[in-house]
Amino acid sequence: MNTVELFFELLRVSVGSAEALSCSPTPEQWRILYAQACRQTLTGVFYAGIEQLPACQRPEVELLLQWYALAERLKALSRKLNAACVAATEHYHTLGFDSVILKGQGNAVLYDDPLLRVPGDIDIWLSGGRRCILSALGDTHGRVLYHHTDVEGLFGIPVEVHFTPSWLSSPWINARLQNYFRKSFAIQAAHTVMLPENAGYVSVPDYSFNLLYQLIHIFRHIFGEGVGLRQLMDYYYLLRSGYPSASDRERLKYMHMGRFASAVSWIMQEIFRLDAAHLPATPDAREGRYVLAEVLRTGNFGKTVAHRKYDFSQTHAGHFLGGVRRAATLVTHFPEEAFWIPAFKLWHFHWRLFKGYL
């Protein structure tokens, strides 16, 4: 059996969709599986899966100890991030803002072991709108984009302060999306959860909101930096936690996300073995295979794609050309978003220029 098939088998064991691998990997295959787990930022979840394997299927002691040490470091980092999320929530509350923690630690609470999800930065959505938020932040914020600004967080953890959770490039569909976000904020801010080990309460989006928002988040990364299996695993655990309603499915179509939802649904059914009752759309094998190939090619945030490492790609011109080139490769799969990306990028550059955000 090749390592790609073994990788997916280990994924299914890790999420509880399978009890064991179909064969015992060789030491070399285990080293490849470990490298792939690191590339896709799934080392923590896969370690939990390894613990479920029969002793004869586990890696050699040296690699197992290396994996265990990494899992323990992830747990410590997750605890630190949980404390920072609570502190950030309290900090912005003192400034007069209600807040919602997006993705990240809010996703982690749905995992079998929340501390083993590889953590990143903190994404926090604040009430009040862009002008009010920037005024309150003063000189503490960094670059300002359409949907967020960067802030150095507590405990040295970067924070993205969101004016809105996300966007779509089509002006008409984006107007629908932003209207939905505005109307939903109060409901999401009232939806609180306790973070692991009684770290404290924070507000996180509810199931129906995340069904759309997290799908758009994955969609944005397909068009941008690249998406990894960690984002798909986040969506798997979200889907597993509930059942999409008719209105949930209609909302995806209303936001023109139906085709992408079908692609992701195929991955959830084919790779994760998620029951059809949890799927947000009818699976589409053609689009699903394409999206999965992109995930395997780019890894988490596209960090292993060579052409994105060049300095030119970090310039305004390079960023624009790279985005347009990327959109061109996706036009036959998701044409509406691909068509509007050049116009949105030009508008966004001039908007930032005239607002003094460049």
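This is a predicted model: local features need pLDDT of at least 70, side-chain atom pairs count only at pLDDT 80 or more; totals for chains, interfaces and linings use all residues.

I started with Phe 260 and found it buried, at 1% relative accessible area; buried means under 20%, exposed over 50% and partly exposed in between, with a 1.4 Å probe and protein chains only. I number residues from 1 along each chain as its sequence is written, and side-chain values use heavy atoms, leaving out hydrogens and water.

Next I looked up aromatic pairs: rings of Phe, Tyr and Trp (its six-membered ring) pair if their centres lie within 6.5 Å, with planes under 30 degrees apart called stacked, over 60 edge-to-face and the rest tilted. I noted 28 such pairs.

One of them is Tyr 47 with Tyr 68, tilted at 55 degrees, with 6.1 Å from centre to centre. Tyr 47 is in helix H3 and Tyr 68 in helix H4, so this pair ties together parts 21 residues apart in sequence (helices are DSSP runs of H or I, at least four residues, numbered from the N terminus). I found Tyr 47 buried at 10%, whereas Tyr 68 is partly exposed at 40%.

Then I came back to Phe 260, which forms a tilted pair with Phe 219: 4.9 Å between centres, 55 degrees between planes. Phe 219 sits in helix H8 and Phe 260 in helix H11, 41 residues apart.

Last, I asked how many disulfides a search of the whole structure finds. I got 0, counting a pair of cysteine sulfur atoms within 2.5 Å as a disulfide.

Conventions. Helices (H or I, at least four residues) and strands (E, at least two) are DSSP runs, numbered from the N terminus.
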